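Visitor: I have a structure to look at and some questions about it. Could you guide me through?

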Amino acid sequence: MSKNFDVIVIGAGPGGYVAAIRAAQLGFSTACIDEWKNEKGGPAPGGTCTNVGCIPSKALLQSSEYYEHAGHGFAEHGIEVKNLGLNVGKMLARKNTVVKQNNDGILYLFKKNKVSFFHGRGSFVKSSDGGYEIKIAGAGEETISGKHVIVATGSNARALSDVAFDEKLVLSNDGALSIEAVPKKLGIIGAGVIGLEMGSVWRRLGAEVTVLEALPTFLGAVDEQIAKEAHKLLTKQGLAIQLGVKIGAITPGQNNVSVEYTDEKGNAQKAVFDKLIVSIGRVPNTNGLNAEGIGLKLDDRGFISVDGDCRTNLPNVWAVGDVVRGPMLAHKAEEEGVAVAERIAGQHGHVNFNTIPWVIYTSPEIAWVGKTEQQLKAEGVAYKAGTFPFMANGRARALGDTSGMVKFLADAKTDEILGVHMVGPMVSELISEAVVAMEFRASAEDIARICHAHPSLAEATKEAALAVDKRSLNF
Ligand code: FAD
Ligand code: NAI
């Protein structure tokens, strides 16, 4: 007799593990299956996010930022650092510890919420008794059955068509987070989120970083004014960003990789790098699920086809996170996971795609929610804009980090906030206020009338909201 569950979740990334916890909270007997292994072969739940994504990248971003501050930022505060040293091995070990704390935290949460965890690869066997049989191939093999299945199998790095990742010279996000010694010359293909975050890490630690981007515009999805400011600031720090390139032959050698490409002006170029990170987007992961065998429909890009409520074409089979349409973000995956568990319980789970925030954890950080100015123009929406620079914010001056700005976009007639865009210190934290405001459909005036602590970076948010009505007080 196979074990029987109300809900089986395949994948314990942020989409899957959160869905499993919420399902268990709602009273369902719940299983969660995940195949990720730590270096000892044990379970490492948390998916891409915890193991080779959000968490380790933020750990290295923090460590490398401290290093850069100690080397270049502290002097103006009158703090003299002599004999500054760098121990990359220790930095990577700390990052691995942070990852393990998160893996262990999820295993603890499974226990606490009585989620049954299975370590191995889950695949559909067949539908049976109004539910599904799922085979788990791990250390051994077993089959469990469940009435509902939530697929949360995530995504993998996309490789260039003619060069595979070897994680030694040609690196995906995985290898990019584990380079053992700072490369002298680091090449990055793709000036997207991973390219800019990982490029920042290794530049701060001393690498000469060149980022090669196919598109002629920098961060095309970001509000143009903010992207322009970010480009200026990141370039000034030393990231050599080349836009509008066409990548040609990539030839890994013994100890380096040569990249041939055509630059924006059409000139043939060749560069030789000690390491090459390829960060050109991610592809959905349905490997080994037996999607075809069970008749689970994929779209033409390989994502599992779902409706607005994350229902697949199969009854009681749901899919969430990176393996379905929409932004590939951990918090989007989590929201979908919770909403699906609640829908299974007959509740009205809800995900508002208009208020999903984005953050790029460079320094300064870039964060936004809602529509960009170029989107509003294209849609013919009448809007008002207000901006406020951190240069005029007292807390930013005290911090010694006055780069960037906050920008509000509000409906010209109703004053409803349509988008908020930021580049500057700690804007990953500041963006939450804008998300809350938009979720409650606040007007710019609402924010402008709220008392913000002084001195705080959040005052820049209030001032940008005041600027919508051309009444900034401090600029
Ligand atoms: P995943 O996290 O990919 O988890 C899927 C899990 O399913 C994995 O553990 C996998 O092993 C398992 N699995 C797959 N198939 C099977 C199977 N058949 N059986 C059993 N298990 C299976 N997002 C942010 O919001 N903020 C960030 O700062 C951020 N930083 C990132 C940095 C990097 C370098 C990368 C690569 C990504 C980053 N992301 C970030 C994106 C984020 O990691 C993903 O959006 C998120 O992990 C998606 O969650 P998920 O649950 O859908 O899938
Ligand atoms: P991305 O989509 O952010 O950026 C990929 C970039 O590569 C784009 O600018 C694209 O134009 C460029 N590109 C594509 N093909 C190319 C080619 N052949 N030559 C040169 N350039 C090319 O993808 P990325 O950086 O790989 O990250 C994947 C996803 O992971 C992100 O979209 C995001 O969803 C998630 N992520 C989120 C983070 C965050 O929230 N802070 C951090 C890192 C990743």
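Visitor: How many Å lie between a polar side-chain atom of Asp 34 and an oxygen atom of ligand 1?

Guide: Keep in mind that this is a predicted model. A polar side-chain atom of Asp 34 sits at a distance from a ligand 1 oxygen of 2.6 Å.

Visitor: Which residue has a polar backbone atom 2.9 Å from an oxygen atom of ligand 1?

Guide: The backbone takes part too. A backbone N or O atom of Leu 329 is 3.2 Å from an oxygen atom of ligand 1. The residue at 2.9 Å is Ala 330.

Visitor: What percentage of the exposed area of ligand 1 does the protein bury?

Guide: Start with ligand 1 taken alone. It then exposes 1000 Å². Of that area, the protein buries 94%.

Visitor: Is the crossing of H3 and H6 left-handed or right-handed?

Guide: H3 and helix H6 (residues 193-204) have axes 8 Å apart. They pack at an angle of about 35 degrees. Among the residues that meet are Leu 60 and Leu 61 in H3, and Met 198 and Val 201 in H6. The crossing is left-handed.

How values were computed
Residues numbered from 1 in each chain as written. Chains lettered and ligands numbered in written order. Predicted model: local features only at pLDDT ≥ 70, side-chain atom pairs only at ≥ 80, totals over all residues. Heavy atoms only, no water. Polar contact = N/O pair within 3.5 Å; in protein donor to acceptor, adjacent residues only side chain to side chain. Areas by Shrake-Rupley, 256 points an atom, 1.4 Å probe, with all protein chains shown as cover. Axes fitted to C-alpha atoms, helices over the stretch in contact; angles between N-to-C directions. Helix = DSSP H or I, 4+ residues; strand = E, 2+ residues; numbered from the N terminus. Left-handed = near helix turned anticlockwise from the far one by under 90°. Contact = heavy atoms within 4.5 Å.
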